[in-house]
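Welcome! Take a moment to look over the sequence and the structure below, and then let us walk through some of the details together.

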Amino acid sequence: MTKHLTSLRDHLAALDELGDVRELHAPADTHLEIGAVIRRSAENRDPAPLFTAVKGYAPGFRVLGAPAALSSAPGAPWARVALSLGLDAAAHPLDIVEELAAARGREPIAPVVVDRGPCQENVLLGEDATLDAFPVPLIHDGDGGRYINTWGAIVVRTPDGSWTNWSIARVMMIDGRRMAGMVRPLQDVGKIFKLWRDRGEPMPFALVQGAEPAVPFACGMGLPSGTDEAGYLGAHFGEPLELVRCKTVDLDVPATAEIVIEGHVSLDETAPEGPMGEYAGYLTGKANPWPVFHISAITHRDDPILPVVSAGKPVEEDHTAVGTTYSAEALHQLRAAGLPVTAAWIVPESAINLLAVTVPRDWRERSAFTSTRMLTRAIAHQALRPKVGYWITRIMVLDDDIDPTDLRDLMWAFHTRSHPTRGQIVIEDQKVTPLHVVYSPEELAEGGAKIAYDCLLHPDEDKRARSTAFKDNFSADIQARALAIWENR
């Protein structure tokens, strides 16, 4: 661990040292202009845009775009992710995954509740608790409304207080006092919502914007139901997170957050939400009725910052955050199942559809499997279990001479090591998300097929194709000599 950054502002300062933040002082409109700048920034790997002047809003109310997209820093494309998680800016993405997976094996460290925090420098109650003061953008041309939540943590707790869940889901602004958002029954927030419904009481919530930078990653990780994300992050950092008590609901939120919206989710009132440009890269579907979130309080820091993600064509935060954290969860689960796995990587450029798994050269000695097909099938079935399997539609199993984060390596291995017909294993009747645009309405409702690719070379030495790659083909002496010749030209 390099440094635990405990606020979004500390994170911005670290990015600024890398030249990876650009303050934009020209007035920008919440109607599409801010969304367009963020989208272009993510697609071009530009510095993260920090809007300091938003048309029609008071000075000091700012918007941060692309908070965890790929970085513009030379040699450190994963800097925003790595710094968020307390790692060196130049950390290799597989090292980030290993760190996250290692924390899954540690005892959680519960957060501590402190008396006060910067997130409550300003407290808006009653009629003053309105979103109208905040620059909530219409992000895509075609979105059903302005989205207040694209990167914030939705905090809910079971009625008996035994489980506090942090998650990310899109939430749309209806008006200054109301919002609408997805509360899917199979997701943790939906499970907790059902407990409140059974009790006949609206569900308290807190929507946290601009928490310390690791929080959205824990929210997007898909930890097992019943796990507190705050405790997991405590295990990751080796120290507790600091929280403060909300003003109007019995919940605790990260103390340094920029903006906290408190209230209750109605049991019987719904409002149309959507459509919205999503992580798959498309605007699909129509508005659907989702529960209404009623606001009872808003607290915020002085000069608050609203982080905004412009979801769409890879690579953006859905791919970096879900990709790295679900890779870690997949790695943890595969190893826990006794499978000989050296790395797991959900490829962000695939819009988190493709999971690449590597195994050691001696996988046969480390397992009971006798063929590459048997091993591939076992890995695929384990990886497709909830919750990781919900996102991915394709799995590649490869030897670990392949770097799964290198698209050239992946394409080379896929096209030269996987037989065009015998290398495929179709797995039927798998759960898919409504945002998987390749599936029919029937498959979205009942389940669709997914596929695994056996990209393993033959395990027997005398039948194994020998690589001609520089790092594989030549001895260490010859490699060193080649480098010396090159450098002394």
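## A buried threonine

Let us begin with Thr 150, which is buried because its relative accessible area is 13%, under the 20% that marks the limit for being buried. Keep in mind as you read on that this is a predicted model. Thr 150 sits in the loop between strand 6 (147-149) and strand 7 (153-157).

Which residues does Thr 150 touch, leaving aside those up to four places away in sequence? They are Ile 139, Ile 168, Met 276, Pro 307, Val 308 and Val 309. For a sense of scale, Thr 150 and Glu 43 are 107 residues apart in sequence, and their C-alpha atoms are 17 Å apart in space.

Strand 16 pairs with strand 3 in the parallel sense, over 4 bridges. Within this pairing, Val 308 of strand 16 is the bridge partner of Gly 65.

## Helix 2 and what covers it

Which residues of helix 2 are buried? They are Ile 34, Gly 35, Ile 38, Arg 39, Ser 41 and Ala 42. These residues lie on the same side of helix 2, because they cover an arc of only 165 degrees around the axis.

The length of helix 2 (residues 33-44) can be checked too. At 1.5 Å a residue, its 12 residues should span 16 Å, and the end C-alpha atoms are 17 Å apart, so the two values agree.

Most residues other than glycine have a negative phi, and most peptide bonds are trans. A few places in this model are worth a look with that in mind. Leu 32, in the loop between strand 1 (21-24) and helix 2, has a positive phi near 75 degrees. Leu 32 counts as partly exposed, because its relative accessibility is 21%. Just after helix 2, Arg 45 takes a positive phi of about 55 degrees. Asp 429 in strand 20 also has a positive phi, of about 60 degrees, although it is not a glycine. With a relative accessibility of 62%, Asp 429 counts as exposed.

Where are cis peptide bonds found? One joins Pro 314 and Val 315, with omega about 15 degrees, and Val 315 belongs to the loop between strand 16 and helix 8. Another joins Pro 386 and Lys 387, with omega about 0 degrees. Lys 387 lies in the loop between helix 9 (372-383) and strand 19.

Thr 358 stands opposite Leu 398 in strand 19.

How many disulfides does a search of the whole structure find? The answer is 0. Cys 219 shows why for its own case: the closest cysteine sulfur, in Cys 246, is 14 Å from the sulfur of Cys 219, which is too far for a bond. A disulfide would need the two sulfur atoms to be within 2.5 Å.

Is Cys 219 buried or exposed? Cys 219 counts as buried, because its relative accessibility is 9%. Cys 455 is buried as well, with a relative accessible area of 0%.

Terms used:
Residues numbered from 1 in each chain as written. Predicted model: local features only at pLDDT ≥ 70, side-chain atom pairs only at ≥ 80, totals over all residues. Heavy atoms only, no water. Pairing = 2+ DSSP bridges. Helix = DSSP H or I, 4+ residues; strand = E, 2+ residues; numbered from the N terminus. Buried < 20%, exposed > 50% of the residue type's maximum accessible area, 1.4 Å probe, protein only. Expected span 1.5 Å × (residues − 1). Arc of directions from axis to C-beta. Contact = heavy atoms within 4.5 Å.
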